[in-house]
Amino acid sequence: MKRVVITGAGTINSLGHSVPDTLEAMREGRCGITELEFRDVERLAIKIGGQVRGFEAEGRFNRQQMSLYDRFTQFTLTAAKEAIEQSGLVFHGDLAARSGVVLGTAGGGVSTWDDNYRSVYEDGKNRVHPFVVPKLMNNAAASHVSMEYNLKGPSFTVSTACASSNHAMALAFQMVRSGAAPAMLTGGSESMLCFGGVKAWEGLRVMSKDACRPFSANRNGMVQGEGAGVFVFEEYEHARARGADILCEVAGFAMSSDAADIVMPSKQGASRAMAGALADARLDANQVGYINAHGTGTAANDKTECAAVADVFGQHADDLMISSTKSMHGHLIGGTGAVELLACIMALREGVIAPTIGYEEPDPECALDVVPNDAREAKVDVAISNAFAFGGLNAVLALKRI
Amino acid sequence: MSISDRVIAIIAEQAVLEPSDVTPDSTLEDLGIDSLGLVESIFAIEEEFDISIPFNANEPSASDFDITNVAAIIAGIEKLVAEKV
């Protein structure tokens, strides 16, 4: 089995348009959640979200590209560019033939669906743009990344709701570890902040109207975000041979299915995924210094997740740090694990733990060190990143300092 | 049908029971309605009466809308319907 390392990272989200900007915001505990701005927002009960600001597609992409790139693809390409430039990789020959792209998204081109349904149903038009289908399809982003960077190996899109990115990164990891691919572009993207995208979530009655306060006793629900996170996963010897700057090692992963309920989380399913990731990475639970929580800020997730952590880590649960950066960037749904992996990389590489902001009141059911409100300096050797999706599908990644 | 009968019909349908099995002091738990069933019932009631019910599944007790039992739910809806006019 090969070792797998990360040699490039890119992002765009409500905290920043790059990795350095995002990490700075996480260090400072800034909140990217604001009043939403888009057509018909006044008809929503939920009017806040982690919306990407100041992102002008015009100027970045030409007219032909614009007609093919939904906002989730635009986010993906922006993040992929940053990640590939950082890695220094140029794909040609055998490297290009064997390297691919595995990305996660829950909804794909949601705003393209929204705009075109509006056009035919509300505006009564009988004709839509010829590229609606290639623009909205869930694999559009992965395909455009493969075309842009000449990635001709295994490429596809994974859609497992809120765990999409983690499932995608786990699969990319497996491909590099097995030797099937020398490098993989992976991560995920989501752009659901449009009228239909928020209205659908509103119906479930689990959204907060004011803030995302994970683990806080007065938490009252989740807040949506948008954006992308993309990484270059590379075989260790390949990275070393070319003198690449290695951000951290991806040491293992596990996936599990609750096989129980379509929306309610399960402590057993979450525990099995965390314990499985450690076993896969051949790590002891006591080595874990930081957990990037799924931490949605709903009543059900946070207490279930804390109970699962207590089960898996025993006494050590009181010594480790666990934070939810969703408090800052919101829940990026299918892209969330990718953006949250950045907090793990920051913990391992810079020794800075991103906080859980908006924390106001301790909850006895979430009695862990949730790094409330202020970032903290700490040396961390191992971090894990949790994602527990609707549908009971869980994916946890384990990362190591290098 | 009265507001009460209409609400009971919706709750009974959600619980897969006859309306006669739904009494004012039945709790949702008694009727076998879980949190997802509750959210669905609230949606159906909002549609039936064209009202908005203030209910957040994260903090049912903090909502102004009392869901202790069927009688409380009916009273809450009668109030919202009266306020609408």
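Two strands pair if DSSP finds at least two bridges between them. Helices (H or I, at least four residues) and strands (E, at least two) are DSSP runs, numbered from the N terminus. This is a predicted model, in which local features need pLDDT of at least 70, side-chain atom pairs count only at pLDDT 80 or more, and totals for chains, interfaces and linings use all residues. Residues are numbered from 1 along each chain as its sequence is written, while chains are lettered from A and ligands numbered from 1 in the order in which they are written.

**View 1. E13(A) and E14(A) form a hairpin.** Strand E13 (residues 382–389) and strand E14 (residues 393–400) of chain A are antiparallel, with 8 bridges. Ala389(A) has Leu393(A) as its bridge partner in E14(A). Asn386(A) is partnered by Val396(A). Between the strands sit 3 residues, and Gly391(A) in this hairpin has a positive phi near 95°.

**View 2. Strand E13(A) is mostly covered.** A residue is buried if 20 or more other C-beta atoms lie within 10 Å of its own, exposed if 12 or fewer, and partly exposed in between; C-beta atoms are placed from the backbone. In E13(A), 8 of 8 residues are buried. In a regular strand the side chains alternate between the two faces of the sheet. Here Val382(A), Ile384(A), Asn386(A) and Phe388(A) point one way. Ala383(A), Ser385(A), Ala387(A) and Ala389(A) point the other way.

**View 3. E13(A) also pairs with strand E9 (residues 288–292) of chain A.** These two strands run parallel, joined by 4 bridges. Val288(A) has Val382(A) as its bridge partner.

**View 4. The open sheet has 10 strands.** Their order in chain A is E5-E4-E6-E7-E1-E8-E14-E13-E9-E10, and the pairing is mixed. Strand E5 (156–158) and strand E10 (321–323) are the edge strands, each pairing on one side only. On average, neighbouring strands are turned by 25° against each other, direction ignored. For such angles, axes are lines fitted to C-alpha atoms, for helices over the stretch in contact, and angles run from 0 to 180 degrees between N-to-C directions.

View 5. Most residues other than glycine have a negative phi, and most peptide bonds are trans. Asn150(A) lies in the loop between helix H7 (140–149) and E5 of chain A. Asn150(A) is partly exposed because 14 other C-beta atoms lie within 10 Å. Val371(A) counts as buried, with 24 C-beta neighbours inside 10 Å.
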